[in-house]
Structure formats: structure tokens, C-alpha cells
Amino acid sequence: MVFPQVIAAFHGLYDVIGLPGNLLVIVTIILESRFHVMRYILLASLALSDFLLLVLVNSFRIKSIAQEHWLYGQTMFYLNPFFVRYFYINTVLHLVAVSYDRYLAIVKSPLTYDGTITKTRVALLSLIWIIPIPLSIGPFLGWGEYVYRQEGFFCEQGWALRSSSARRNMIIYPITTLVIPLLIIVFLNVSVYMAARRQINVTEVQMGALLMLKTLNRCKRSSYLEE
């Protein structure tokens, strides 16, 4: 069957593009001292998350999909979906942090925010990497289960709906890891957009007033010359 080989080729393309691309972002930010501010550190951290996702998840799936069965043993069979969920939550938290950093710089503290790397910000960045762990180990603790996807030839985390608590977890999880972060990101970026539009309007008014003042000055000079 050709279809799994086509899917494997697309996964391989993700690695070919994503691995050097994310690595380039990380190396550039590390080597360029002018990028050693929080907004770029967050981007480097996000690039590292994407890089590790490709290494620990995507790279293991390429050959398994191509050969149409899992090739890497039971331990990696369970770790692979764990990493999927971990890096998904990690990426979502990074996007929230990047949006909040932009919000601080443009909306909340545009005159005082300098993006300096402080101990508090380093601690918050560390939390971005720590928080996904307890949210990803559910099946190891009996919250949900691992399900083998025959059509994809890999394992993924699912929810056993045999109890009310499992059904409740199935509802709570997407709300806390998708809906709420998405609403926060939308709110922050809309606030940034509105602040930017206000600044553009103020700039346009100032430029219009300056242009009018220059025009009046030219008219005055012309009248003086005529007299």
C-alpha cells in the first residue's frame, strides 16, 4: 500500500525543514548578544520545543509508518504519545508567554518595559517546561489510557469513558489546554492590535498637524514676500 509511504514522506519533510530551521533560530539567538532579551529567549525556547518534538516524536514515527508497524519497543511506544501531549501543552504555554510579552511591551508598560532577563522571568520560563509534565502523565496514573492507532501505526493517549471521572477529565482537559489559552492569546493580541491602531492614529494626526503647520508657514512667507 502506497499511502503509508506517502504519509511517512511528509513526516520526513517536516524533519528536513523543521530540524535545521529551529536549530538555526536557537543558534542565532544564542550567538547574537543583541537578542539576549526576553522576547527572543522565548522564541529560542519555543524553537527548542519544536526541535525536540521532531526528534522525540516525529523521527520515531517516520520509519514505523513506512513499514506499517511500530518498531521501537514498548517503552518508546508509551513515551512517544507522552511527548506528543507534553510538547503540545509546552507550545501552547510558549504562545501565551510570547503574546503576554508583546502585551507588556506595547500595551501595559510601553515606556518602561525593556525585556531584561530577570530571575522572575527565568522562573516563569522554567514553569513553561515543568507544568506540562503533570498534565501529560495521566495514563501512567490511570487517567485515560494508551490506544494503538492501527491506521497510523503508533500509540496515542485516549480516554476510557467507563467512569464519570474519566468523562469529566475528557471535558476538562481540552478546556484547560486549548480553549482557555486560546482565549487568552486572542485577548492579548487584540489588545496589542488596538493599542497599535491607536498609536498609528495619533501619529497620523500629529503628522497631519505638522503638515498643516508647514503649509501655514509657507503661506505666511509667501505673503511677506508679496508685501
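1. Glutamate 68 sits in the loop between helix H2 (38–67) and helix H3 (73–108). Helices here are DSSP runs of H or I with at least four residues, numbered from the N terminus. This is a predicted model, in which local features need pLDDT of at least 70 and side-chain atom pairs count only at pLDDT 80 or more, while totals for chains, interfaces and linings use all residues. Residues are numbered from 1 along each chain as its sequence is written, and side-chain values use heavy atoms, with hydrogens and water left out.

2. Look at the backbone of glutamate 68. Its phi is near 65°, a positive value in a residue other than glycine. Most residues other than glycine have a negative phi. Glutamate 68 is partly exposed, with a relative accessible area of 31%. Buried means under 20% relative accessible area, exposed over 50%, and partly exposed in between (1.4 Å probe, protein chains only).

3. How do the axes of H2 and H3 cross? They come within 9 Å and cross at roughly 165°. H2 is therefore roughly antiparallel to H3, a label for angles over 145 degrees. The axes are lines fitted to C-alpha atoms over the stretch in contact, and angles run from 0 to 180 degrees between N-to-C directions. By class, the contact of H2 with H3 has 16 nonpolar, six polar and four charged residues. Asp, Glu, Lys and Arg count as charged; Ala, Val, Leu, Ile, Met, Phe, Trp, Tyr, Cys and Pro as nonpolar; the others, Gly among them, as polar.

4. Next, helix H6. Serine 191 lies in this helix (residues 164–226). Is serine 191 buried or exposed? Serine 191 is buried, at 15% relative accessible area. Leaving aside neighbours within four places in sequence, serine 191 is in contact (heavy atoms within 4.5 Å) with Tyr103 and Val107.

5. Leucine 182 is also found in H6. Leucine 182 counts as partly exposed, at 49% relative accessibility. Its C-alpha atom is separated by 8.3 Å from that of valine 92, 90 residues apart along the chain.

6. Finally, the aromatic rings. Rings of Phe, Tyr and Trp (its six-membered ring) pair if their centres lie within 6.5 Å; planes under 30 degrees apart count as stacked, over 60 as edge-to-face and the rest as tilted. The count comes to ten aromatic pairs. One of them joins tyrosine 86 and phenylalanine 87 edge-to-face, at 5.0 Å centre to centre with 85° between the planes. Both residues, tyrosine 86 and phenylalanine 87, are buried. Phe60, Trp70, Tyr72, Phe77 and Tyr78 form one aromatic cluster.

Notes
Helix = DSSP H or I, 4+ residues; strand = E, 2+ residues; numbered from the N terminus. Parallel < 35°, antiparallel > 145°, perpendicular 65-115°, else oblique.
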